[in-house]
Amino acid sequence: MAADGLLLFPRFLTTFAAMLPISNWATQQQTMMEEAMLSYEELEHLLVSPNIPIMGRQIINAIRTSEPSRRTGGGTHNVTTRFASRKMGVTIQAESHKNELPALYLWEHDPATFEFYDQPPPIKISYQNANKKKSTHLSTPDFFLIQKGWIGWVECKTEEWLIASHESGCQRFIPDDNGGWRCPAGEEYARQYGLCFRVRSSKENPWILVRNLEFLSDYFVDTCPMPSSGDEQKIRDALVDERWMLQRDLLQKEGVVADAVYKLIANGNLFADLCNELLTEPNYTSISRDSESAKIYVCQKQGRVQIAASDLCTIKMKPQTDIMWDGKPWRIVNVGAQEIFLMFEGKDIVHLESTMFQSLVAQGKIVGLPEMNEQESLAEKLVKQASPIDLQRATNCLAHLDVAANVELGSAVSDRTLRYWRAQARQGAAAFGSPFLGLVSRISSRGNRNRRLPYEVINLMSEVIDNKVLTSAQPTILAAYGDLVNVCREKGWICPSEKTFRKEISQRRLDARILAREGRKAAYKETEFYWSVDQSTPRHGERPFGVGHIDHTEVDLEMVDGETGANLGRAWLTVLLDAFTRMVLAFFLTFDPPSYRSCMSVIRECVRRHGRIPSTIVVDRGSDFESAYFEVLLARLACHKKSRPAAKSRFGSLIERFFGVANQTFFHNLSGNSQALQSPRSMSPSHDPRKLAVWTLSALNGLFERYAYEHYAKWRHSALGTSPEEAMARGLAITGSRKHLAIPFTADFRFLCLPTTSKGSARVHAGQGISINRIDYWHPAFRDIGAIKTLPVRYDPFDVSVAYAYLRREWLECRSQYRAVLERRTEREIMMISQEIRARHVQKDVHRRVKAGDIAAFLEGAYETEVVLRQQRRDAQNMAEEPDAPPSQDHFTIPGAIEVAEDPWGNAVNLELFGELK
C-alpha cells in the first residue's frame, strides 16, 4: 500500500478493501457499490440508441476503466471535496463545494444519471483567445457523464468567471440563446466521436433542492429500514383532517418519529416542496399527505405569490426602466427593433431578442418594479444624501413651526426665521410632496469638495506609493516622501506636505497595503469576512453529525513519565468537533506529532463513543489529512472530506476557537503549563514549567475527558444560545436520530482504523521478528520466512502489545514483550500505558544519539596529543642513535597525564589513559 502522503487516486480507494477482513456490515457496503455500476450489457444497450461510433465507445470504455487524470488541489478560496458516492461506489473529486459539489448531489440522486467520472483524460480544444489569436491546448474537463439520452463531458464554471472570460474577448465560452453557456471548441471535439459537451454554470445550482437532497441522503439508502406500521399510522392519523401541515406541528404530534417522516418523504409516501422549502426549517415547510394534496398546495402557494407580485409585472418598454431578472436588479438601456439591451450594476450589458424577453416576462422570470414618480424619486434621493445633522435640524425646525402655530405657547424663534422656515416647508411640499423635506438644509454638502493639489501631483503621489511604499522591501514612508519631494522640486511642482502624503497612503485599503508589503498570510487577518447571503449550504451544517472538523494542537502543558518522572515534553491533542452543535465528539492525546495515525485514531474513538461519524469531515491541507489511508477510511465509511484553503484559518474557526477556550479554561490552569515559555528571557528558573511538570498522559487524558464530555458540553455557548449537549439533543429530535447509520465497533472496523509505519512496511530480522516504533514483535511464521526482507505491517496505537504483518496473503497477529505487562488491563489503561511506552522509547532513542560536533571536538584534542607523542618518540630515537650523547635523565611529559619514565605506548597500564580512543 501507499505510504503516508502518497497520492492514491480516489476512484480506486475501494480496492484497499481486498486486504481487509470483511464483516456483514462491510459486505453490505461492498455489495451496494458493485450493484450501482452499469453492467456491460446495460452500457451496450445505452450506446445503441445515440448510434455512437467505435471510437466514441473506446473513449467511454477508457474513461470508465482509467484513473482520474489528476488529483485536484485547491486555491486560496475554494474548498475541495472528496465526495463518497454510493451510486458510483468510489470517491469523486470536486474542486469547489459551491460549484461542482451541488452537481454531484443532483447526479447522485437523479434516476436518469447512471454514471459520472471526475477528471477524465484531457481533450484537445482550439479557440480564439482574448488576444484574438488561435489557442490550441489540452484541457481536462471536470466530469464525464453518462445519462439517459446524453453522454459526454461537463465543464463546471462559476457564472462570474464565465462573464469575465467572455467580456475579455475570449471565445472559449460564449452565451447561448437560453441564458446559459456553450463551449464551441469542446462541442466540436465531442461531435467527432458522437458525444456531447456541456458547460454548467453555478447559476444553475438549485440550492434549496441540493440542501434537501443532502439532508435526505441517509434515508435514500436501502439499509435504512421502513418505519413500523405503528409509526406510519400515527403520521397518517395526524394528517387525516388536513391535507398538509407545517413540519413543526407534525413533529410535535404525540408518537410521531422524525426518522419515520423523513423516510416516508424519501420513498414518496409523504410529500414536500423540496425545490422551494427546506426540511431544516420546520417552521416554514409543509408536509402533504399524498401527491394530489401536494399539487394543490403548490398551486395555491404559487397563486398567492402571483397575486402578491401582480403589481410588479407591469413593464414599460423604454430605456431607464428597472426590472428584476432572476432575483437581481437590471435596467433597460435600449429597446431596438429586434433586441433589448439590459445593464446589471451599471457595467455588465447583455442583449436579448425581443421574443425571448417577452417569453421570460410571461414565465414570470422577469418582473417589473413598482413605478416611482419623479417627485418620490427626488424625495428618496434627498433623504439618502442627508446627513444626521441635516435631519436633526429639520426636525427641530418642524417642531418650532408646530409650537409657533399655537399662539398661546409662543415660540423662542424670531418671526422672520419662522417665515423663512414656512416658505421652505411650502417649497418642500410642492417639490417633494413633504414639508419636512423642504426644511432639510443640506449643510453637510456645502463647501468646495475638489482637491487643492494639481492633478499631476496627485498622480505622482499615487505612482510613488505604488513603486516606493507598497513593495516587499517595506521601505519607510519618510524615505518614499523624500523621493516625492525630490521629483516635485525637479519638475517645479507644488510639493505636498508629509501629512498629506501619509493621508493619501491611508486612503488605500488596509488589507491591500499589508498584502503588498508583507504578503498574503499577513494580510489575511485584515481581509473581509465571508458573509453568506445566499441559499447555499450553511457553513456549519444543518443538523448534528452533518459536518465535523478535525484538527491538531500541541497542548500548553509539560508532561512527565509516570514511572521515572522524566520530562516527556508536550503532547499533541487531536479533536473531532461537531460543527452544528459544537459538541466534542472525540479526542485523542499522544506524544507523536500530527499524522494520519492520529486522524484514524480519533475516527475510531468517535465510532466507539457514538457508533457513527459526521457525514462530512472538514480538514486543512496538511499531509496527514491527504494520506491515502485516511481517505480510504472515510471512503469505506461513506463520509465526504472537505479540505479548507491553505492559510485560511477562518474556515476552521470553530475548532480553532475551541482550542483557545480549552487553553484558557483548562490547560493554563494546570501545574506545568507552558505560558512562561512564551517569554523565556523573563522566565525565572524557579518558574520553569519543565521543572514544575507533574501531569502524566494517563492522568491528563482522564481529566480532559471529564472537561470535554461533562463540563464543556454543558456550558452555554454564545453562538448557540444553549449548551452543546442541549443543541445535540434538540437537533437529533428534529432532524432524526438516523440509527440505521450506526457503525458497529467490531474487530474488522478496528483493523480498518489501524495505522502503519511511515514506509508502510517493516524489516524482518532473523530470530527477532519485526520492529515497529522501536518495539519488537514476533510470530512463529517468521521462522521459515525465507528470502522475504520486508512485510506490510499495521499496529494498534491503543495497544503496543499487538501488531499485524501481512505474510502469504494473510494478516498475522504478532505479539511484543509487553504482552504480560498489559494483561488484565482495561482498554483505557492499555491505551495510556501504550502511549507512555512509545514516548519513553522515543526519549531513549534521542538521548542515545551522540552529536557529530561533540565527537569532532573530542577527537580534535586527541589529534593534538598524538602529534606531541609522535614528536617525542622521534626525538628519543634520534638521541639513541647518537653514541656520544650522554644518556638523558629527563622524563617524557604527556599533556594532561601523569609522568612516565618509559614509552607510554608500550605499557598496557597506561593505555587506560586513552580508553576513549580504543
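Angles between axes under 35 degrees count as roughly parallel, over 145 as roughly antiparallel, 65 to 115 as roughly perpendicular, and the rest as oblique. Axes here are lines fitted to C-alpha atoms, for helices over the stretch in contact, and the angles run from 0 to 180 degrees between N-to-C directions. This is a predicted model, in which local features need pLDDT of at least 70 and side-chain atom pairs count only at pLDDT 80 or more, while totals for chains, interfaces and linings use all residues. Residues are numbered from 1 along each chain as its sequence is written, and side-chain values use heavy atoms, with hydrogens and water left out.

Start with the whole chain. Its secondary structure comes to 30 helices and 29 strands. Helices (H or I, at least four residues) and strands (E, at least two) are DSSP runs, numbered from the N terminus. Of the 918 residues in the protein chain, 44% are buried. Buried means under 20% relative accessible area, exposed over 50%, and partly exposed in between (1.4 Å probe, protein chains only). Contact means heavy atoms within 4.5 Å. Among contacts with a separation of 6 or more, 63% join residues 24 or more positions apart.

Now the helix pairs. Two packed helices are described by the angle between their axes and the distance between the axes. Helix α17 (residues 455-469) packs on helix α19 (residues 498-506) at an angle of about 70°, with the axes 10 Å apart. The two are therefore roughly perpendicular to each other. From α17 come Met461, Ser462, Val464, Ile465 and Val469; they meet Phe501, Glu504 and Ile505 in α19. These contact residues divide into six nonpolar, one polar and one charged.

A second pair is α7 (residues 207-220) with α10 (residues 258-267). Their angle is about 90° and their axes are 9 Å apart. That makes α7 roughly perpendicular to α10. Phe215, Leu216, Tyr219 and Phe220 in α7 meet a set in α10 that includes Tyr262, Ile265 and Ala266. The contact of α7 with α10 holds seven nonpolar residues, one polar and two charged.

Next, the interior. In soluble globular proteins, nonpolar side chains tend to be buried together. A nonpolar core is a set of buried Ala, Val, Leu, Ile, Met, Phe, Trp, Tyr and Cys residues joined through side-chain atoms within 4.5 Å. The largest one has 63 residues, and those with the most contacts inside it are Ile550, Leu573, Val575, Ile603, Phe630, Phe667 and Phe704. Helix α22 (residues 596-610) gives the largest share of this core, seven residues. Apart from it lies another core, of 49 residues, among them Leu43, Phe83, Trp107 and Cys183. Take Ile550 in the largest core. Neighbours within four places in sequence aside, Ile550 is in contact with residues including Val575, Ile603, Phe630 and Ile655.

Phe630 also belongs to helix α23 (residues 628-636), where it is one of the buried residues. Nine of the nine residues of α23 are buried. Ala638 follows α23 and has a positive phi, near 55°.

Most residues other than glycine have a negative phi, and most peptide bonds are trans. Phe545 has phi near 60°. It is found in the loop between α21 (520-523) and β19 (547-560), and is buried at 5% relative accessibility. Arg582 has a positive phi of about 60°. Its place is in the loop between β20 (567-578) and β21 (584-590), and its relative accessible area is 10%, which makes it buried.

His610 lies in helix α22 and is partly exposed, at 32%. Beyond four places in sequence, His610 is in contact with Phe545 and Leu585. His717 lies in the loop between α26 (697-711) and α27 (724-735) and is buried at 7%.

Last, the cysteines. A disulfide is a pair of cysteine sulfur atoms within 2.5 Å, and the count comes to zero. The sulfur of Cys488 is 4.7 Å from the closest cysteine sulfur, in Cys495, too far for a bond. Cys488 is buried, at 0%.

Key:
Ala, Val, Leu, Ile, Met, Phe, Trp, Tyr, Cys and Pro count as nonpolar, Asp, Glu, Lys and Arg as charged, and the others, Gly among them, as polar.
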